[in-house]
Amino acid sequence: MPPSTTLETFPEDGIARVLAVVAHPDDMEYGLSGVVHHWTSRGIEVAYLLLTHGEAGMQRDPALVGPLRAAEQRAACDAVGVDRLTLLNHPDGRLMPTLDLRRDIAREIRAFRPDAVVTMTWDAVVPWGLNQADHRAAGLSALDACRDADNAWVFPDLAEAGLSPWGAQWLLVGGTDAPIHGVALSEGDVDAAVASLSAHQAYLADLGDHYPSPDDLLRPTFRAHGEGLGVPDAYAFTAYRLR
């Protein structure tokens, strides 16, 4: 995000529960986890839904990587106050925006009944380069599932399972090219976000020494976003009102 971008403060009134929907372990940890800590510190309940175990993300046997990355994600959640973590078994690296994927996300929306759903952008071109295929599929599926969860007729089997329709008020999308909204972060939020990304120790080590440390990656990002909101630190995203 260009530092000169002027942001609007995201209105948090009426938000008690937030569901984050992303493709992999570590996807929330590149900035959004700072906002998550901001919310949980204020009593807002946040749940994570990961669509894969990230088993194809390291140069090791996927059968070993999946459980390892799930454990690191659990530690990352603990750093920002997230208790509810659900990991699905869709194939890492081959995620597709299918009806089955939309149903799985809609199921969790109906079960958790969030006021806001958080995901990452489905754009092909993103501020850091070209967006990965799983990220695009996850974001687009989360968008569609917000509508599906509030529609009694798209997945009638969910109602038959006792999950009545639920409509979130907001869809929040991180990683957009021109974010509109932001949340001011405290020093504690920033520290928790760094700790949350640092919890992915084995994954980050597998990336190699050329990759910036969590401190070097996150703190400048939060400062740049803070300029847009007129505060020391912030994280920026785009919020869409759904109802």
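Mentor: Happy to. In strand 9, glutamate 8 has histidine 181 as its bridge partner. Strands here are DSSP runs of E with at least two residues, helices are runs of H or I with at least four, and both are numbered from the N terminus. This is a predicted model, in which local features need pLDDT of at least 70 and side-chain atom pairs count only at pLDDT 80 or more, while totals for chains, interfaces and linings use all residues. Residues are numbered from 1 along each chain as its sequence is written, and side-chain values use heavy atoms, with hydrogens and water left out.

Trainee: How many bridges join strand 1 to strand 9?
Mentor: There are 2, and the two strands run parallel. Two strands pair if DSSP finds at least two bridges between them.

Trainee: And in what sense do strand 9 and strand 10 pair?
Mentor: Antiparallel, over 4 bridges. Valine 183 stands opposite tyrosine 235 of strand 10.

Trainee: What is the strand order in the whole sheet?
Mentor: It is an open sheet of 8 strands with mixed pairing, ordered 1-9-10-8-5-2-3-4. Strand 1 (8-9) and strand 4 (84-87) are the edges, each pairing on one side only.

Trainee: Which strands does helix 1 touch?
Mentor: Helix 1 (residues 32-40) packs on the sheet against strands 2, 3, 5, 8, 9 and 10, and its direction makes about 145° with that of strand 3. Contact means heavy atoms within 4.5 Å. Axes are lines fitted to C-alpha atoms, for helices over the stretch in contact, and angles run from 0 to 180 degrees between N-to-C directions. Helix 4 (residues 133-149) lies across strand 2, strand 5 and strand 8, at about 160° to strand 5.

Trainee: Switching to pockets: how much space lies in the largest pocket?
Mentor: About 700 Å³. A pocket is an open set of points on a 1 Å grid over the protein atoms alone, where a 1.4 Å probe fits, with protein on both sides within 12 Å along at least five of seven lines; lining residues have an atom within 4 Å of a point. Grid points are joined across faces, edges and corners, and the volume is the space filled by probe spheres set on them.

Trainee: What lines the largest pocket?
Mentor: There are 24 residues, with Tyr30, Met120, Trp128, Tyr211 and Leu217 nearest its centre. Helix 8 gives the most, with 4 residues. By class, the lining has 15 nonpolar, 7 polar and 2 charged residues. Ala, Val, Leu, Ile, Met, Phe, Trp, Tyr, Cys and Pro count as nonpolar, Asp, Glu, Lys and Arg as charged, and the others, Gly among them, as polar.

Trainee: And how does the lining of the second largest pocket divide?
Mentor: Into 3 nonpolar, 4 polar and 4 charged. Its residues include His24, Asp26, Arg69 and Tyr203, and about 190 Å³ of space lies there.
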